[in-house]
Each structure stands twice: as C-alpha cells, then as structure tokens.
Amino acid sequence: LEKVLKWFVIRANRYLKLNVNLPYLFKNDYILKTKKGYFWKIKSKSDFDYAAKEIVEGALAKYFVCEKGFFLDLGAHMGKWSIVVAKKYPDCQVYSFEPNPDTFKYLEANVKLNNLNNVVPINSAFSVKKGVLSFQLEPELSSISKIVVAIPSAQHSIISVVATDIDSFLKEHGVRTEDVRLIKIDVEGHEFEVLRGAQNLLGDVFKGTRIICEILDAQENKDQIIEYLKGLGFSYKVLETHCDYLFTKQ
C-alpha cells in the first residue's frame, strides 16, 4: 500500500507542481545488524528510496576504518557510513556532507537517533572550487540526485546548492591534512572534480589513509580518476560491489 500511494504522490508532485510529503505508513527505523554484532539505526522514507542490506554493507564495512583522526563522508545521503564509523570508532571525528536539503534532514535525524556526538552534519556539496552549482533532485530515488552542468529537461527538479572544495574546508576548520584518515566519495559522477579540489590534502595525507570512492564502469573519466590518484601516491583495488574502489596512500 505504501509503495502504491508513494507512486501517485511522486507523480502528483512532479506534474502538478505540488509538494505533498511522501507516505510513510509502516516503517520508522531500519536496524541493520552485521555478523560482527554492531548495528545502526536509520530513518528513511521507505526501503524503495533507501536500501540497507547486509549483502552490500557487510561486504564494505571492513574497509571503513578510522580509529582516530577525521573521516570525511562526501555524499553522505542519510548517514549510513557516517553512523557506522562514528559508532565503531568513538575517537574518530566525522564530517558528514549532504547537499540535498530534503535528504539532509534525514541525515540530521539519524545522527540524533544514534546519539552521536562525533558526527557533524553539513548541508554542502563539494567540487573543484567554491561556488554555487545546479543540483538535480530525484524524488523517486534520492540517492542518485546529483550535480549537473547542462540543465536537463523540465521534468527534473533543479535547485542551487552551495559547494566548496576540500582543501578550503580543511583550512577554514583548522583540520590538519595528516589527521584525515578516511574519505568516502559517492557523488554520482562528480568524483573527479571533488578530488581535484583536494590536491593539497591528497599530497600530504598520512601513509595508510584510505579513500573509498564509487566509480561506475560507464563513467567517462573513470581512468582519469584512477591515474590522478595513482600520481598522488595511492594504490587501489576494486571492492566486492564492483563499483566501489579502495585507494590507499603508500
């Protein structure tokens, strides 16, 4: 019933230019427990919008290591990995970034739901430099909302979002490059621009620092991303999901 109602609401919002909240009838929290025994709670619109499945999260969780220092979660969505790292590593400070204002509300709610004091949610995008960017909203699947250069057809909702670059953010917040130990980048095709805005950081980070980056096979700049990070001293491996890459500073 929830999915049927949601289907009608989404189309009414899109074609009649309404702003009706999506139906959320039966589910309040998702609780995901891994084989290692730790878990996190997640508020979401429904599993249609946000999937938390152990077959995926269980495969990737072992790579999200940040015993101390800082974890930068770029494209945090509703906070899944920010929560995992913050709960498992209480001495790690997490900066959790999400540009979508609607999704950001869920990110803030999830941080509070899990009683986390070491996560700072920030409603911002990242790119190669500071500025204002066009952001395409995907109401049916918010995790694939993305920054766009060319404005698509009128059926898509476009908003403006504030963006900064990683190097400027760290300087303004007094974070030393050597203290950044883990970075996750999942920004739906904008990964290369984000990395180009972090040249100072990536050149100076501590040996062993990890970057977990989504790179789809269809991305035109896939090879550019890999070669760029290799040139800055990172080795890489393709993870079990086949679309996520682990880069490690050598």
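**Close-up views of a predicted model**

**View 1. A salt-bridge network joins R176, E178 and D179.** The model shown in each view is predicted. The cut-off for buried is under 20%. In total, the structure holds seven salt bridges.

**View 2. D73 and K184 form a salt bridge.** The closest N and O atoms lie 2.7 Å apart. This pair links distant parts of the chain. D73 belongs to strand 3 (residues 69-74), while K184 sits in strand 10 (residues 180-185). The two residues are 111 residues apart. Both D73 and K184 are buried. Side chains of opposite charge can pair when their charged atoms come close.

**View 3. K230 and E227 pair within helix 8.** Three residues separate them, about one turn of the helix. Their salt bridge has its closest N and O atoms 3.5 Å apart. K230 has a relative accessible area of 41%, so K230 is partly exposed. E227, at 47%, is therefore partly exposed as well.

**View 4. The largest nonpolar core has 33 residues.** L72 and L202 have the most contacts inside this core. Helix 8 (residues 222-231) gives the core its largest share, four residues. A second, separate core has 24 residues. Among them are L60, V85, L107 and V119.

**View 5. The surroundings of L202.** Which residues is L202 in contact with, leaving aside its neighbours within four places in sequence? They are I183, L195, I211, Y228, L229, L232, F234 and K249. L202 is one of the residues with the most contacts inside the largest nonpolar core.

**View 6. Helix 3 (residues 80-88) is mostly covered.** Seven of its nine residues are buried. These are K80, W81, S82, I83, V84, V85 and A86. Of these, V85 is included in the second core.

**View 7. Helix 4 (residues 101-113) has a buried side.** The buried residues of helix 4 are T103, F104, Y106, L107, N110 and V111. Why do they lie on the same side of helix 4? They cover an arc of only 155° around the axis, which puts them there. The face turned away from the buried side carries K105 and K112, both exposed. L107 also belongs to the second core.

**View 8. The length and ends of helix 4.** This helix has 13 residues. From first C-alpha to last, helix 4 reaches 18 Å. That is close to the 18 Å expected at 1.5 Å a residue. What caps the N-terminal end of helix 4? N100 does: a side-chain oxygen of N100 lies 3.1 Å from the backbone nitrogen of D102. N115 follows helix 4 and has a positive phi, near 55°.

Definitions and conventions: Residues are numbered from 1 along each chain as its sequence is written. This is a predicted model: local features need pLDDT of at least 70, side-chain atom pairs count only at pLDDT 80 or more; totals for chains, interfaces and linings use all residues. Side-chain values use heavy atoms; hydrogens and water are left out. The expected span of a helix is 1.5 Å times one less than its number of residues. Buried means under 20% relative accessible area, exposed over 50%, partly exposed in between (1.4 Å probe, protein chains only). The arc is that of the directions from the helix axis to the C-beta atoms. A polar contact is a pair of N or O atoms within 3.5 Å; within protein, one must be able to donate a hydrogen and the other to accept it, and residues adjacent in sequence count only if both atoms are side-chain atoms. A nonpolar core is a set of buried Ala, Val, Leu, Ile, Met, Phe, Trp, Tyr and Cys residues joined through side-chain atoms within 4.5 Å. Contact means heavy atoms within 4.5 Å. A salt bridge is a side-chain nitrogen of Lys or Arg within 4 Å of a carboxyl oxygen of Asp or Glu.
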